[in-house]
Amino acid sequence: ERIRKGSQNDDDDDNVTSEVTIKYIDNGGIRMIKLRGFYTLVAFLLDGFLFIFFVDVIMHFFFNLVVDSGVNQAGLGKSHGFIAMLLAFPTIGITMLLGL
């Protein structure tokens, strides 16, 4: 498709005109669409596995936090493990965010 561009008054011979050629490029056929769909499906499945893995890690983190705090035992229990788990939480959270 060609577009001719000039001034408002096209009757003048000294008008400067320019031609712009627009070329339509096809995005691909049915094979390319299927390939993109397959890649999208694989990406969603991988994100799902990562999400379930991270939820599992968070659950184990909080279960260990309760056990190390000594809530389920008589007395305070070991406080060093509890403090270490609290300090490790930001590192675990940042790692999970970067993984997703």
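A residue is called buried when its relative accessible area is under 20%, exposed when that area is over 50%, and partly exposed in between, with a 1.4 Å probe and protein chains only. This is a predicted model, in which local features need pLDDT of at least 70 and side-chain atom pairs count only at pLDDT 80 or more, while totals for chains, interfaces and linings use all residues. Residues are numbered from 1 along each chain as its sequence is written, and side-chain values use heavy atoms, with hydrogens and water left out.

**First stop: helix α1**

Select residues 30-69, which make up helix α1. Helices are DSSP runs (H or I, at least four residues), numbered from the N terminus, as are strands (E, at least two). Helix α1 has 40 residues and reaches 58 Å from its first C-alpha to its last. That is close to the expected 58 Å, the expected span being 1.5 Å times one less than the number of residues. Which residues of α1 are buried? They are Phe 54, Phe 61, Leu 65, Asp 68 and Ser 69.

**Second stop: the aromatic rings**

Rings of Phe, Tyr and Trp (its six-membered ring) pair if their centres lie within 6.5 Å; planes under 30 degrees apart count as stacked, over 60 as edge-to-face and the rest as tilted. The whole structure contains five aromatic pairs. Select Phe 61 and Phe 62, an edge-to-face pair with 5.4 Å centre to centre and 80° between the planes. Phe 61 is buried at 5% relative accessible area, whereas Phe 62 is partly exposed at 40%.

Because Phe 62 lies in helix α1 and Phe 89 in helix α2 (residues 79-99), the pair ties together parts that are 27 residues apart in sequence. Phe 89 is partly exposed, at 38% relative accessibility.

Select Ile 83, which is in helix α2. Is this residue buried, partly exposed or exposed? Ile 83 is partly exposed, with 44% relative accessible area. Its C-alpha atom is separated by 8.5 Å from that of Ser 69, 14 residues apart along the chain.

**Last stop: Tyr 39**

Finally, select Tyr 39 in helix α1. Tyr 39 counts as exposed, at 53% relative accessibility.
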